[in-house]
Amino acid sequence: SVLAADVHLFQPRPAYRFVGREGYSSQPGDPAAGRNPAYGASLNFYLETVPSGPLSLRIEDEKGDTVRTLPVRDAKPGLNRVMWDLGYTPSERPRLRTPALYHSHVNLGGGESRPSVDGGSVRPTAVPGRYRVVLSAGEQEQSAWLTVLQDPASHATADDMRAQLAMELELRTMTDSTTALIDRIEWTRKGLLDLGVRLRGDPSMSDVVRQGEALEKALVDLEMNLFDLQLSGGSAGQDTVRWPRQLYAKITALAGYISASDDRPTDQAGEVRDRYRQELGDLLARWRTMVTGELASFNRTLGERGYPPIVSEP
């Protein structure tokens with residue numbers, strides 16, 4: 001029986017991939033108002049005791065590729081439930097380690113980084129089909145099959161939804177590449193800014209300070225194509241309407257547009273994706289040239305003066 005086992009994963013009920021719709025907003029306190037259940041698949045399992053090792057639920061497609069790994073937090077002996085929102089692993093978000101340009105009054109919030117103001121995460125949604133749910137509890141593993149069903153009100157074909165998923169996954173990869181590039185530039189700029197604070201006031205290092213400032217300007221020019229460094233999150237969040245969106249926000253916005261329904265992405269969406277992909281490739285090439293050129297030259301100068309190099313990642 002279930003209660004005689006140390007670990008038991010219950011067979012999940014089928015879950016519907018519903019298309020988002022604009023809901024009706026009732027007045028607060030309306031006695032006729034209802035409450036929707038949590039969206040996605042309900043994954044239920046039993047634990048005799050909470051294992052000392054890792055505890056997670058892994059979602060795999062029929063080919064065995066991992067779709068999402070859900071860490072289980074606050075598990076307790078007895079019955080436990082985790083909701084899977086039918087989403088794949090979302091894209092990473094950049095960490096900005098330098099202050100916003102022209103906003104000296106805005107600091108990093110007491111930490112070492114600040115969140116990106118514009119742009120979001122790309123969260124591909126699983127298409128209808130069968131998915132394997134794997135419960136890992138310490139050294140034990142149990143699995144069960146989950147069926148994801150199409151929204152009964154959706155008229156999209158399976159090929160339409162697979163085409164949408166393919167583009168979402170590609171945009172997720174592009175977003176992660178853009179995020180990684182922003183992170184590397186930010187880390188490099190932080191090192192330059194910290195070094196400048198140390199060296200200013202030392203007349204013997206004035207040439208190094210000027211070389212560092214020129215490199216910082218070149219890095220800002222590059223990063224401004226990826227994320228607008230003027231954005232501070234101030235003015236009640238309205239500063240995002242003052243300047244055009246840059247590549248990071250554009251890619252994540254495109255992913256949001258194509259996922260607003262079950263339909264196949266339009267030809268125009270594909271053309272925009274191709275344009276963003278080319279732009280990202282060009283910016284990555286500029287970064288590689290800068291690393292082997294200006295940054296390498298500056299680090300040689302630092303080495304000659306007895307200082308450690310500026311690194312582009314932690």
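This is a predicted model: local features need pLDDT of at least 70, side-chain atom pairs count only at pLDDT 80 or more; totals for chains, interfaces and linings use all residues.
Reader: Where's glycine 78?
Author: Glycine 78 sits in strand β6, residues 78–84. Helices and strands here are DSSP runs numbered from the N terminus (helices: H or I, at least four residues; strands: E, at least two).

Reader: Okay. Is glycine 78 buried or exposed?
Author: Buried, because its relative accessible area is 15%. The cut-offs are under 20% for buried, over 50% for exposed and partly exposed in between, with a 1.4 Å probe and protein chains only.

Reader: What does glycine 78 touch?
Author: Leaving out residues up to four places away in sequence, glycine 78 touches Phe45, Tyr46 and Leu47. Contact means heavy atoms within 4.5 Å.

Reader: And how far is glycine 78 from glutamine 27?
Author: Their C-alpha atoms are separated by 38 Å, and the two residues are 51 apart along the chain.

Reader: Switching topic: which residues touch the most other members of the largest nonpolar core?
Author: Leu171 and Phe298, in a core of 40 residues. A nonpolar core is a set of buried Ala, Val, Leu, Ile, Met, Phe, Trp, Tyr and Cys residues joined through side-chain atoms within 4.5 Å.

Reader: Which helices supply at least two residues of this core?
Author: Four of them do: α1 (158–199), α2 (206–223), α3 (247–258) and α4 (267–304).

Reader: What does leucine 171 touch?
Author: Not counting residues up to four places away in sequence, leucine 171 is in contact with Val122, Ile251, Leu254, Ala255, Ile258 and Arg273. Apart from this core lies another one of 29 residues, among them Leu47, Trp84, Leu86 and Val127.

Reader: What's the phi of aspartate 74?
Author: Positive too, about 60 degrees, and aspartate 74 is not a glycine either. Aspartate 74 is placed in the loop between β5 and β6. With 77% relative accessibility, it counts as exposed.

Reader: Back to α1. How far apart are its end C-alpha atoms?
Author: They are 61 Å apart, which agrees with the 62 Å that the 42 residues of α1 should span at 1.5 Å a residue. The expected span is 1.5 Å times one less than the number of residues in the helix. After α1 comes glycine 201, with a positive phi near 100 degrees.

Reader: How many salt bridges are there?
Author: The count comes to 20, taking a salt bridge as a side-chain nitrogen of Lys or Arg within 4 Å of a carboxyl oxygen of Asp or Glu.

Reader: What does arginine 130 pair with?
Author: Its side chain meets that of glutamate 62, at 3.3 Å from N to O. This pair links distant parts of the chain, 68 residues apart: arginine 130 is in strand β9 (residues 129–137), and glutamate 62 is in the loop between β4 (55–60) and β5 (66–71). Arginine 130 is partly exposed at 38% relative accessible area, whereas glutamate 62 is exposed at 53%.

Reader: Where do aspartate 159 and arginine 162 lie?
Author: Both are in helix α1, three residues apart, about one turn of the helix.

Note on methods
Residues are numbered from 1 along each chain as its sequence is written. Side-chain values use heavy atoms; hydrogens and water are left out.
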